[in-house]
Amino acid sequence: VKWGEGEKIYRPFKCLLDVGLARCTTGARVFAALKGAVDGGLDIPHSAKRFPGYVKGKGDAKDKYDAAKHCEKIFGGHVRDYMNKLKEKNLEKYQKHFSRYIEAGVEPDKLEDLYSDVHKKIREDPSAKPKVKKDRSKMKLFPQKPKRLTGEEKRKRRVARIAELKEKKLRKEAKRNQNQQQQQQ
């Protein structure tokens, strides 16, 4: 991290990157997160071999790292290109995918300025915003599992169900008898 004049230099925490089950390919999102953490002030041992813009030399050629290409990724160059492509070829899809950008008045060409402003604001105050506590009484929670019935409750329910079925059977028989009498007359 290169700190400018007048900016407070923070002593970074030393961390190690645990990629877990993520695939370690050049330009993977894990390494974008690594770059963000390093830019945020954490001390994480790494090399530029996995960042976008790194090209391994073939044969006797030296490996090359194009920092400009990596910088373009950081400032949303790939997003800008995709926005422009969609805007030209499929306007409906562009409006659907980037509806919030459109509402905020962010055009593809203004994306780099937006990212620069965000980086500047983070450097000014890197502390996280306090979390807003949500009122759980107004939230729609998962349905609760029904309470388990005791043995006595199960027996009562079973007896009531049997009585209900007997009554239903008697009504059916009464209706059938009534229909038969009507047919005989």
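## The two sides of helix H1

In this predicted model, Arg29 and Ala33 are exposed on one side of helix H1, a helix that runs over residues 29-39. Phe31, Leu34 and Val38, which also belong to H1, are buried. After H1 comes glycine 41, whose phi is positive, near 115 degrees.

## Salt bridges

The structure holds six salt bridges, and several of them can be followed along helix H7, which spans residues 151-184. Arginine 155 is paired with glutamate 152, with the closest N and O atoms 2.8 Å apart, and these two residues of H7 are three residues apart, about one turn of the helix. With a relative accessibility of 44%, arginine 155 counts as partly exposed, and glutamate 152, at 44%, also counts as partly exposed.

Arginine 161 forms a salt bridge with glutamate 164, where the closest N and O atoms are 3.2 Å apart; because they are three residues apart in helix H7, about one helical turn separates arginine 161 and glutamate 164. A salt bridge of 3.5 Å, N to O, joins the side chains of arginine 171 and glutamate 167, which lie four residues apart in H7, again about one turn of the helix. Arginine 171 has a relative accessibility of 52% and therefore counts as exposed, whereas glutamate 167, at 48%, counts as partly exposed, since exposed means over 50%. Elsewhere in the chain, Glu72, Arg80 and Asp81 are linked in a network of salt bridges.

## Patches on the surface

Lys85, Lys89, Lys93 and Lys96 form a positive surface patch, and the elements that give two or more residues to this positive patch are helix H3 (77-89) and helix H4 (91-97). Lysine 96 is found in helix H4 and, with a relative accessibility of 69%, counts as exposed.

A nonpolar surface patch of about 230 Å² is made by Leu114, Val118 and Ile122. Isoleucine 122 is found in helix H6, residues 111-124, and its relative accessibility of 49% makes isoleucine 122 count as partly exposed.

## A loop residue

Lysine 147 lies in the loop between H6 and helix H7, and lysine 147 is exposed, with a relative accessible area of 70%. The C-alpha atoms of lysine 147 and glycine 36 are separated by 48 Å, and the two residues are 111 residues apart along the chain.

Note on methods:
Residues are numbered from 1 along each chain as its sequence is written. This is a predicted model: local features need pLDDT of at least 70, side-chain atom pairs count only at pLDDT 80 or more; totals for chains, interfaces and linings use all residues. Side-chain values use heavy atoms; hydrogens and water are left out. Patches are made of residues with over 30% relative accessible area and no salt bridge: like charges are joined within 9 Å, nonpolar side chains (Val, Leu, Ile, Met, Phe, Trp, Tyr) within 5 Å. Accessible areas come from the Shrake-Rupley method with a 1.4 Å probe; for residues, only the protein chains shown count as cover. A salt bridge is a side-chain nitrogen of Lys or Arg within 4 Å of a carboxyl oxygen of Asp or Glu. Lys and Arg count as positive and Asp and Glu as negative; His and the chain ends are not counted. The place of a charge is taken as NZ of Lys, CZ of Arg, CG of Asp or CD of Glu. Buried means under 20% relative accessible area, exposed over 50%, partly exposed in between (1.4 Å probe, protein chains only).
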